[in-house]
Amino acid sequence: MAERSPKTAPAWNLNSTDQSEGDDRDDERDHESTTENGFPGGYTVVLSFGWVVRGAETGQDAINIAVSEVGRRVGAPGERTRSVDISVQQIGCHSCGTGSEALLLVSETALVGLFLEVVVDAEDPDTAEKIARREVGPHLDNTPLASVDITPAD
């Protein structure tokens, strides 16, 4: 079973934009009660998927290429998406307790298991999942996305 890895590589983050000091909109909003789009709170949706990499000589090359390709594809901000983080899935051995990255490399072709952690502005968990799929899905053509976890955002 795949586990979430603590190693993440941010593809993009809308919260990192700086506002000018003279921006009066900051005084009109209560940041603790609503987001900038006017929706209460937000949700973190974790999506799992496999990414095929061709031409990788080592497992680390395959992981680097997969994260780079996915990051490039989902790098454009969405209308109700705050951030997207990419991480490599971890596979644990139940009998010995060791873990490894979700990776299969055969003849310079690799399948890399990845997680996308998408923070979206939404009213409820079901809507959050739909928004995350709608924002990310079109950028990952013919890639099945499995929803792993939906939690309120920090």
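A residue is called buried when its relative accessible area is under 20%, exposed when that area is over 50%, and partly exposed in between (1.4 Å probe, protein chains only). By that rule, buried residues make up 36% of the 154 residues in the protein chain. The model is predicted: local features need pLDDT of at least 70, side-chain atom pairs count only at pLDDT 80 or more, and totals for chains, interfaces and linings use all residues. Residues are numbered from 1 along each chain as its sequence is written, and side-chain values use heavy atoms, with hydrogens and water left out.

Start with the overall layout. The protein chain has three helices and nine strands. Helices (H or I, at least four residues) and strands (E, at least two) are DSSP runs, numbered from the N terminus. In sequence order the pattern is β-β-α-β-α-β-β-β-β-β-α-β. Contact means heavy atoms within 4.5 Å. Take the contacts between residues at least 6 apart in sequence: 78% of them join residues at least 24 apart. The accessible surface of the protein chain comes to about 9,200 Å². Carbon and sulfur atoms account for 47% of that surface. These areas come from the Shrake-Rupley method with a 1.4 Å probe; for residues, only the protein chains shown count as cover.

Now turn to helix α2, residues 59-73. The expected span of a helix is 1.5 Å times one less than its number of residues. For the 15 residues of α2 that gives 21 Å, and the end C-alpha atoms are 21 Å apart, which agrees. Which residues of α2 are buried? They are G59, A62, I63, A66, V67, V70 and G71. Seen down the axis of α2, these buried residues fall within an arc of 155°, so they line one face of the helix. The arc is that of the directions from the helix axis to the C-beta atoms. The general rule behind such a pattern is simple: an α-helix has 3.6 residues a turn, so residues three or four places apart point the same way.

T58 is partly exposed, at 36% relative accessibility. The C-alpha atoms of T58 and E108 are separated by 7.7 Å, although the two residues are 50 apart along the chain. E108 lies in the loop between β7 (103-106) and β8. At 45% relative accessibility, E108 also counts as partly exposed. Its backbone deserves a look: phi of E108 is near 60°, a positive value in a residue other than glycine. Most residues other than glycine have a negative phi. N142 is another case, with a positive phi near 55°. N142 lies in the loop between α3 and β9 (146-152). At 82% relative accessibility, N142 counts as exposed.

Next, the charged pairs. A salt bridge is a side-chain nitrogen of Lys or Arg within 4 Å of a carboxyl oxygen of Asp or Glu. How many does a search of the whole structure find? It finds two salt bridges. One joins the side chains of R82 and D121 (2.7 Å, N to O). This pair links distant parts of the chain, 39 residues apart: R82 is in strand β4 (residues 81-88), and D121 is in the loop between β8 and α3 (125-136).

R133 and E129 are four residues apart in helix α3, so they are separated by about one helical turn. R133 is partly exposed, with a relative accessible area of 31%.

Helix α3 also holds P125. P125 is partly exposed, with a relative accessible area of 34%. Leaving aside neighbours within four places in sequence, P125 is in contact with Y43 and I150.

Finish on the surface. V52, L104, V106 and L111 form a nonpolar patch there, with about 350 Å² of accessible area together. Patches are made of residues with over 30% relative accessible area and no salt bridge: like charges are joined within 9 Å, nonpolar side chains (Val, Leu, Ile, Met, Phe, Trp, Tyr) within 5 Å. L111 sits in strand β8 (residues 109-120). L111 is partly exposed, with a relative accessible area of 42%.
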